[in-house]
Amino acid sequence: MLTSPSSVPRLVVAAPSSGSGKTTVATGLMAALTARGLVVSPHKVGPDYIDPGYHALATGRTGRNLDAYLCGPELVGPLFAHGARGCDIAVVEGVMGMFDGAAGEGELASTAQVAKLLRAPVVLVVDASSQSRSVAALVHGFASWDPEVRIGGVILNKVASDRHEELLREALDAAGVPVLGVLRRVAQVDTPSRHLGLVPVAERRAAAVDSVAAMGAQVAQGCDLEALVALARGAGVLSGAAWDAAEALDSSPPPPLPVPTLGAAPPDPSFRPERPRPQSPDGLERRVRVAVAGGAAFTFSYAEHAELLSAAGAEVVVFDPLRDEGLPEGTRGLVIGGGFPEVYAAELSGNEALRKEVRALVEAGAPVAAECAGLLYLCRELDGLPMCGVLDAGARMSERLTLGYRDAVAVSDSVLAVAGTRMRGHEFHRTVVEPGSGAAPAWGVLAPRRVEGFVERGVHASYLHTHWASEPGVARRFVERCRTS
């Protein structure tokens, strides 16, 4: 029986640290519950794009992120309820250790904070491979650290033997926290990783299907599914309405007045302010086609971006730069999100026809929004291989990992925002672009203080990943520019 998104049963899968098995347990639980006929809503705490792909494979529904840093704590509940519409139960995979969040920001963006915002019980996944009785002290510490977080049970992962399980259960009996599952180490559920984490589903779909099926079978065999569902039913009712893209656009404030900051560039003289949206003879708003890069090289995107673009009047069409030799017919704007162009540099470079078409679209003044992988694709070259050549910059792989949340302010008027617009973002890459910014930078990052990215013609290109639900006017401004360019 389907329930209201504000009261849908839900639980959060957390762990003491990264590497404990959260993804295996969360994805396996989603698959096991789906196999039992439940409609499962999959969610991921934090900015990670890759795990939601496995969640989607397990449930047949879009995996959605819940990030209190990028979107603000006030949007966690509404975005959750939006994703959980029409579902029987929701499973939320945590991030890092349960109490780890944005550096220097206390509990902000932690799994614990999201669990409290969702009024959801927590299942703690513990890697028990190198301990026995000590597991009780560990679980006791996590259960008592924040009394507002309710740990409803433990799933023991990487248990070596029946005797090992017996010792662990004896210890946890004394701690008063129920054991809801015991999982042995199974190589079949391991998923390959590389320089930025797990390999995305889009790059290994057949193997990923097998991995997710194995996770589901392991969780179904080793966990008490009835007890987990009963725990999820004990979640509190959420207040407030579910997030809606059209309502978010209607309620978003007008863009702020430009303010000088971090060496702001003069306003873009080619930008035309928003005007009333054109209407077709039947009274329906005329839609403009926005092409969104997808496929194995560009797998990073938040579902809410496409929903906001559509609500703003765009017809969103996905294309694959690895396979398609041209943009979708009638393209008026282009969105190129994150992913792994460095892995597919030769194939992207070899698709010369598409590279030329992207360059022609830019030269015609069409709006283009590019994040991270999109930035690399628009550069002159990537690791010595020709790319689109829209930006006079070169990109290359680096040994250094750039990772973290960022506070940013728009430095230049662009197709996404006016100068002075504040947004929060996230960086996650092992590449370097030289120079790191153009004559009109995209963002001023407040800590460490620097400018980065490019605003040229209709292009906004940057390393910064942002979540447009935090600033819906970004989508409205982009679509309006598509109409007027």
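Tutor: What follows begins with the salt bridges and then turns to helices, packing and a few backbone details.

First, some ground rules: this is a predicted model, where local features need pLDDT of at least 70 and side-chain atom pairs count only at pLDDT 80 or more, while totals for chains, interfaces and linings use all residues. Residues are numbered from 1 along each chain as its sequence is written, and side-chain values use heavy atoms, with hydrogens and water left out.

A search of the whole structure turns up 21 salt bridges, a salt bridge being a side-chain nitrogen of Lys or Arg within 4 Å of a carboxyl oxygen of Asp or Glu. One of them joins the side chains of Asp-127 and Lys-158, at 3.7 Å from N to O. Asp-127 sits in strand β5 (residues 122-127) and Lys-158 in strand β6 (residues 151-159), so this pair ties together parts that are 31 residues apart in sequence. If you're wondering about those labels, helices (H or I, at least four residues) and strands (E, at least two) are DSSP runs, numbered from the N terminus.

How open are the two partners? Asp-127 is partly exposed, with a relative accessible area of 24%, and Lys-158 is partly exposed at 23%. Here buried means under 20% relative accessible area, exposed means over 50%, and partly exposed is in between, using a 1.4 Å probe and protein chains only.

Glu-166 and Arg-163 meet at 3.1 Å, N to O, and both lie in helix α6 (residues 162-175), three residues apart, about one turn of the helix. Glu-166 is partly exposed at 39%, and Arg-163 is partly exposed at 48%. Helix α12 (residues 352-363) holds a pair four residues apart, again about one turn, namely Lys-356 and Glu-352. Their closest N and O atoms are 3.4 Å apart, with Lys-356 partly exposed at 46% and Glu-352 partly exposed at 40%. There is also a network of salt bridges, which links Asp-162, Glu-165, Arg-169 and Arg-184.

Now for packing. Ala-136 is in helix α5 (residues 134-145) and counts as buried at 15% relative accessibility. What does Ala-136 touch, leaving aside its neighbours within four places in sequence? It is in contact with Ala-171, Leu-172 and Ala-175, where contact means heavy atoms within 4.5 Å. The C-alpha atoms of Ala-136 and Ala-174 are separated by 7.5 Å, though these residues are 38 apart along the chain.

Helix α3 (residues 76-83) is mostly covered, with eight of its eight residues buried. Among those buried residues are Leu-79, Phe-80 and His-82. The elements they pack against include β1 (10-14), β2 (40-45), α4 (111-117) and α10 (303-311).

Helices can also be looked at in pairs: two packed helices are described by the angle between their axes and the distance between the axes. For α2 (residues 51-59) and α7 (residues 205-222), the axes come within 10 Å and cross at roughly 70 degrees. That makes α2 roughly perpendicular to α7. Axes are lines fitted to C-alpha atoms, for helices over the stretch in contact, and angles run from 0 to 180 degrees between N-to-C directions; under 35 degrees counts as roughly parallel, over 145 as roughly antiparallel, 65 to 115 as roughly perpendicular and the rest as oblique. Where they meet, Tyr-54, Leu-57 and Ala-58 in α2 face Arg-205, Ala-208, Val-209 and Val-212 in α7.

Finally, back to the backbone. Ala-109, in the loop between β4 and α4, has a positive phi of about 70 degrees although it is not a glycine, and at 3% relative accessibility it is buried. The peptide bond from Glu-434 to Pro-435 is cis, with omega near -5 degrees, and Pro-435 lies in the loop between β17 (422-434) and β18 (443-446). Another cis peptide bond joins Ala-447 and Pro-448, with omega about -5 degrees; Pro-448 is in the loop between β18 and β19 (449-452).
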